[in-house]
4 protein chains.
Amino acid sequence: MQKIPVAILGATGVVGQKLIELLISHPWFEIKKLAASERSVGKSFIEAIENPINFDLPQNLANMKVSSCDFEDKIPLAFSALDSKVATEIESNFLGKGTHVISNAKNFRMQSDVPLLIPGVNSEHLPLIESQKSLGKIINNPNCAVAGLALALKPIHKMFGLKKVIVTTMQALSGAGNKGPSAYAALNNILPHIHGEEEKVEQEPKKILGQLLNNQILPLNCKISAQCNRVPVLNGHFMSVSVELEKPATQSSILFAFDAFNKKASKLPSSPQNALTYFENLNMPQPKIHQNIDKGMSVSIGKLRRCSCLDFKFNLLLNNLVLGAAGGALLNAEALLNRYPELFMSPEVAINY
Amino acid sequence: MQKIPVAILGATGVVGQKLIELLISHPWFEIKKLAASERSVGKSFIEAIENPINFDLPQNLANMKVSSCDFEDKIPLAFSALDSKVATEIESNFLGKGTHVISNAKNFRMQSDVPLLIPGVNSEHLPLIESQKSLGKIINNPNCAVAGLALALKPIHKMFGLKKVIVTTMQALSGAGNKGPSAYAALNNILPHIHGEEEKVEQEPKKILGQLLNNQILPLNCKISAQCNRVPVLNGHFMSVSVELEKPATQSSILFAFDAFNKKASKLPSSPQNALTYFENLNMPQPKIHQNIDKGMSVSIGKLRRCSCLDFKFNLLLNNLVLGAAGGALLNAEALLNRYPELFMSPEVAINY
Amino acid sequence: MQKIPVAILGATGVVGQKLIELLISHPWFEIKKLAASERSVGKSFIEAIENPINFDLPQNLANMKVSSCDFEDKIPLAFSALDSKVATEIESNFLGKGTHVISNAKNFRMQSDVPLLIPGVNSEHLPLIESQKSLGKIINNPNCAVAGLALALKPIHKMFGLKKVIVTTMQALSGAGNKGPSAYAALNNILPHIHGEEEKVEQEPKKILGQLLNNQILPLNCKISAQCNRVPVLNGHFMSVSVELEKPATQSSILFAFDAFNKKASKLPSSPQNALTYFENLNMPQPKIHQNIDKGMSVSIGKLRRCSCLDFKFNLLLNNLVLGAAGGALLNAEALLNRYPELFMSPEVAINY
Amino acid sequence: MQKIPVAILGATGVVGQKLIELLISHPWFEIKKLAASERSVGKSFIEAIENPINFDLPQNLANMKVSSCDFEDKIPLAFSALDSKVATEIESNFLGKGTHVISNAKNFRMQSDVPLLIPGVNSEHLPLIESQKSLGKIINNPNCAVAGLALALKPIHKMFGLKKVIVTTMQALSGAGNKGPSAYAALNNILPHIHGEEEKVEQEPKKILGQLLNNQILPLNCKISAQCNRVPVLNGHFMSVSVELEKPATQSSILFAFDAFNKKASKLPSSPQNALTYFENLNMPQPKIHQNIDKGMSVSIGKLRRCSCLDFKFNLLLNNLVLGAAGGALLNAEALLNRYPELFMSPEVAINY
């Protein structure tokens with residue numbers, strides 16, 4: 001198969017760079033355009049990155065000239081790691097031109113005809129794109145903390161029914177990126193508020209775990225309460241979760257549900273071997289040590305035990321830059337191409353490759 | 001009034017050093033003995049401290065020779081910042097000799113005739129010491145995280161009745177002290193387990209908020225579920241708390257309860273001006289900035305709002321070294337002397353001063 | 001004596017806040033104006049601070065309305081903690097109106113008629129202000145790293161003559177303040193370049209240690225080579241220094257020079273008890289532990305020993321926010337008032353108090 | 001070629017684990033034994049590691065039983081990552097049994113018949129092993145900081161002659177490992193002393209850069225002065241270096257020397273593509289970003305410029321765990337096998353494979 005040419009919008013940021021890293025030797029996709037804000041346009045990519053996350057860039061990407069986000073060339077697929085301030089306009093523009101957009105931005109996540117997709121969790125929501133009016137189709141991946149939470153909750157919900165979820169997050173600095181809090185503000189400290197984050201963590205899982213009925217998502221009827229904090233950790237969102245269930249459960253029956261979920265997971269090129277990795281050792285998982293399990297695409301879970309207030313509680317760690325952002329977006333692109341190959345063969349998008 | 005001579009047991013550790021700092025110009029107490037493990041005995045105090053927290057030590061204390069913990073001199077009052085491995089034997093020994101012991105160690109905390117005391121929260125438990133059989137009397141202050149939690153819960157419980165408490169802690173490194181996790185293990189990381197901590201956070205508040213009936217504590221009938229984590233912050237335990245209440249409440253009625261609690265707080269030399277400090281700013285409190293409010297003796301609270309699973313949720317910060325350890329112990333000593341001055345006038349303990 | 005009313009220009013930044021903290025109970029000065037950029041004007045000071053360093057602000061200061069930096073009221077003395085981008089214009093404006101300016105900004109530091117002053121090191125340069133043409137007089141304190149370095153070098157130079165100085169700095173995040181590097185860029189990292197810093201560290205000490213001849217400073221004839229790095233430490237600049245001397249020296253003769261320097265230090269209200277604090281313990285000084293020695297106004301020195309390439313080497317730590325910025329500026333104001341009290345009695349400046 | 005079976009002594013520590021990671025798919029060597037202290041013996045390797053650095057261990061290694069360091073089986077090659085307290089006895093024991101030892105411990109580094117080897121820098125010292133009396137031969141890699149420093153100095157010395165080197169190190173926590181300083185001691189701090197480190201940095205490069213004459217090393221006649229500090233960075237030793245040269249040099253002639261050195265580097269399986277990586281960008285290299293360049297085997301250099309005291313100065317970063325320890329040891333083993341294949345074919349060592 002010839003590779004699909006793709007563009008990365010917002011290529012110089014932390015998520016954009018991670019997307020590039022993951023795409024370097026991808027079997028299905030090939031980077032053709034790196035687009036960013038005016039400050040970077042015209043520079044080689046290596047010059048344009050102010051805060052690099054990775055330096056084993058192939059020469060062709062290091063030297064690729066950065067385009068502006070309104071470039072003229074037709075491209076079948078664009079990954080958007082854009083700031084939410086500009087994402088609506090730029091993504092809409094690409095959709096209008098027939099480019100399919102895989103977006104990490106929050107802007108369209110809760111729109112009724114946009115799948116908020118985690119392959120393996122709610123792949124059945126993907127056909128929502130058929131209702132989209134635009135020439136190009138858009139899929140969103142969820143908020144970085146939600147990506148891990150929804151994966152862990154899915155098998156629990158499926159087998160036992162979720163009634164309540166209380167979650168306290170300890171989120172890493174990479175989630176805010178290079179425009180995040182100053183080192184003087186964040187080192188040796190906890191920042192107890194992340195603007196808009198608790199709302200996302202409380203709403204997005206309900207859409208993801210919701211039911212597709214008549215081309216509409218019926219959100220999960222479950223209460224979620226989130227308290228989101230920023231901690232001085234570079235990468236890896238960690239959270240403490242308590243759940244109340246509809247049916248009786250035991251520690252071993254929940255672990256069985258995790259196992260069963262792992263076994264039937266989708267097998268796309270970027271899928272982890274195990275969607276969930278459970279640790280018997282009480283001292284694990286830890287962000288520094290376990291963020292890259294299964295190339296950063298597996299959710300690590302530990303200390304599953306009874307909760308005296310709700311029913312069960314556990315810890316959870318995910319690689320927010322990979323599973324929670326770039327890797328999750330890539331998996332969504334793979335799911336789209338896997339299920340709707342014809343979208344990439346239409347004359348409109350295929351014109352250049 | 002002549003000052004009461006006191007000993008500090010475990011003087012070279014983090015809590016011991018903080019006790020010394022707080023006692024330097026105390027109106028009621030005067031340090032006469034610094035005792036520590038064999039490694040330190042015979043050295044001057046300044047030489048014995050391997051990891052100092054404070055260097056404006058008065059010359060007399062810097063040069064004071066460190067004693068072993070079985071010194072012969074009679075002393076009316078001893079502050080114990082001992083490791084729990086040795087605390088039972090050493091504290092019992094002092095009690096047998098008529099020394100009153102204010103202990104930060106966990107060993108006797110849950111013993112039925114020992115007050116687990118936070119003046120202003122459960123001062124009415126202090127008379128438990130009258131049932132103690134030993135010549136000297138012992139009072140314990142709670143676990144460092146519990147010290148802050150119990151203070152915040154008290155006014156809520158009093159006005160609205162506590163049914164459930166779910167708490168996730170982000171605890172500072174000073175809680176583990178210089179024998180705590182290595183920097184290579186803890187920097188840029190979260191450690192998801194602190195041995196024995198969750199049990200303490202779930203049990204101790206029930207004793208503290210319990211009722212004294214017939215010289216016994218009837219523990220509070222309330223469910224508490226704790227998830228305790230260590231974060232790379234030097235000092236200041238932070239936690240996210242959710243509570244379910246017996247009676248209806250509003251944000252403003254809870255804030256009113258906090259205010260009322262502040263107004264009737266006990267006024268001992270080490271009491272804070274306000275036991276609770278509430279922040280309207282959603283970005284506060286923060287460990288780096290607010291740990292020393294009211295000299296580290298006030299609990300900082302923020303983001304009080306409705307919880308969609310239980311009833312209300314909020315953040316809480318306390319200075320674990322001060323309020324949670326050395327300062328809490330000192331306040332207990334003040335409460336003891338204030339209520340039972342005669343204990344310090346008996347010939348047995350008064351012999352040397 | 002009636003207190004001198006003072007303004008703080010750039011009051012909401014890290015240095016501005018520290019100045020306020022140091023002035024709260026100052027015997028000679030009293031804050032009358034807090035001025036900052038347009039973003040803050042009209043707010044109460046407590047609302048205007050985005051990243052507070054201190055929260056035990058007296059009510060009157062917490063509620064003081066922030067002025068713009070072109071306020072009309074006459075004020076005899078202004079402390080400038082302004083950004084260098086705006087300092088030239090604003091400081092000049094105040095000087096023209098007869099306000100004396102104590103500036104922490106770099107803009108006028110190397111101007112020939114401006115004393116680059118560290119009382120106790122080069123108090124004899126203060127009369128340079130007599131050549132200044134403006135109605136108000138201006139004194140600058142040096143770059144934060146230089147403040148500590150020059151203090152340590154002074155007694156060495158005086159007794160042994162400096163020929164060469166090689167210094168590698170490990171500078172704290174507070175030196176860059178809240179607009180400094182992002183936490184994602186700086187945590188768990190070293191930033192090997194601080195724009196313009198090496199030039200300042202190489203030039204400013206030569207002016208400070210220079211000779212006043214015919215109302216001009218003859219810079220010290222000494223070679224200084226600096227390598228400046230930013231490390232993930234909140235406060236406290238640390239540096240490794242090697243020196244080559246004109247005359248033979250021994251470790252003990254240099255320590256003697258330090259002692260002699262301490263003994264004849266000036267005694268202004270903000271002067272430390274000892275300008276230099278030497279540690280015999282090889283593991284000291286450390287930024288976390290020793291930054292506040294002598295209220296942050298003493299330079300801590302350790303590991304003085306022979307250097308096989310130059311003559312001697314040692315470590316040095318200073319509190320960059322206090323001695324290196326706010327405290328150094330305050331000491332300069334005290335030196336000015338102490339030596340030129342008449343400047344504060346002239347009708348022009350005294351009009352309002 | 002059949003792979004050589006190897007043992008790792010001190011397998012559970014930070015360096016031991018890194019050795020395992022590097023050996024997992026090595027073309028020449030295959031792990032047959034993991035040996036560690038008594039605490040670990042008999043456990044599976046995965047259970048024995050208290051502080052894991054890596055979790056994608058192959059199942060066979062994860063489950064391999066940990067041996068004690070006096071196991072009976074004959075093994076041709078052992079990598080020693082032993083603590084210096086036990087290294088002399090254990091390494092000697094293996095040498096006596098005919099096992100070749102590649103040691104990261106300091107114990108035999110300065111012994112006259114032991115090559116202190118960095119392939120590409122002093123490969124000509126390897127024949128020193130021919131003078132060794134033991135049945136097995138031993139090669140040492142240098143101190144972690146020295147590994148990077150010697151590589152950078154080699155081309156400078158070769159082309160311009162080194163007279164003086166002044167170096168200030170900012171060393172990472174992984175250098176001390178899990179038994180290193182506590183997080184409470186090291187976070188937000190600089191530790192100004194590392195026991196024995198300055199001596200190693202001052203002595204070892206002279207041996208490495210020395211001349212082999214009559215089967216003896218004539219140490220380099222050059223003055224080296226080191227100041228070694230520990231900073232809160234997990235991995236990646238950074239240092240500021242100044243050098244005085246015998247012959248005139250320019251920035252571009254030194255960069256030319258670096259390039260020439262890169263071109264003639266040895267090409268063993270673990271050799272980096274470039275031994276030295278120079279950065280034009282003044283803000284680079286940085287430990288967080290560049291520690292893994294060329295799989296952690298390249299030394300990163302930046303800010304090469306004139307020094308006003310000596311001749312030139314620059315920054316240097318190396319991956320202390322890879323190039324400075326495990327990777328350096330592995331390269332030495334490759335150099336040994338490459339040059340003396342017969343050592344691995346003798347009946348004594350070859351018996352088991």
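Me: Which residue of chain C meets Glu202(D) in a salt bridge?
Reply: A salt bridge here is a side-chain nitrogen of Lys or Arg within 4 Å of a carboxyl oxygen of Asp or Glu. In this predicted model, the side chain of Glu202(D) has such a partner at 3.0 Å, N to O. That partner is Lys313(C).

Me: What should I know about the numbering and the values?
Reply: Residues count from 1 along each chain as its sequence is written, while chains are lettered from A and ligands numbered from 1 in the order in which they are written. Because the model is predicted, local features need pLDDT of at least 70, side-chain atom pairs count only at pLDDT 80 or more, and totals for chains, interfaces and linings use all residues, with side-chain values using heavy atoms and leaving out hydrogens and water.

Me: How many salt bridges are there between chain C and chain D?
Reply: Glu202(D) and Lys313(C) form a salt bridge across these two chains. The count between chain C and chain D is 6.

Me: Which element gives the largest share of the side of chain C that touches chain D?
Reply: Elements are DSSP runs numbered from the N terminus: helices (H or I) have at least four residues and strands (E) at least two. Those of chain C giving two or more residues to this side include α7 (197-208), β10 (223-230) and β14 (312-318). The largest share is 7 residues, and it comes from β10(C).

Me: How many residues does chain B give to its contact with chain A?
Reply: Contact means heavy atoms within 4.5 Å. Chain A gives 47 residues. From chain B the contact also takes 47.

Me: What area is buried between chain B and chain A?
Reply: Buried area is the accessible area (1.4 Å probe) that two parts lose on being put together, summed over both. Carbon and sulfur atoms give 52% of it here. The total is about 3800 Å².
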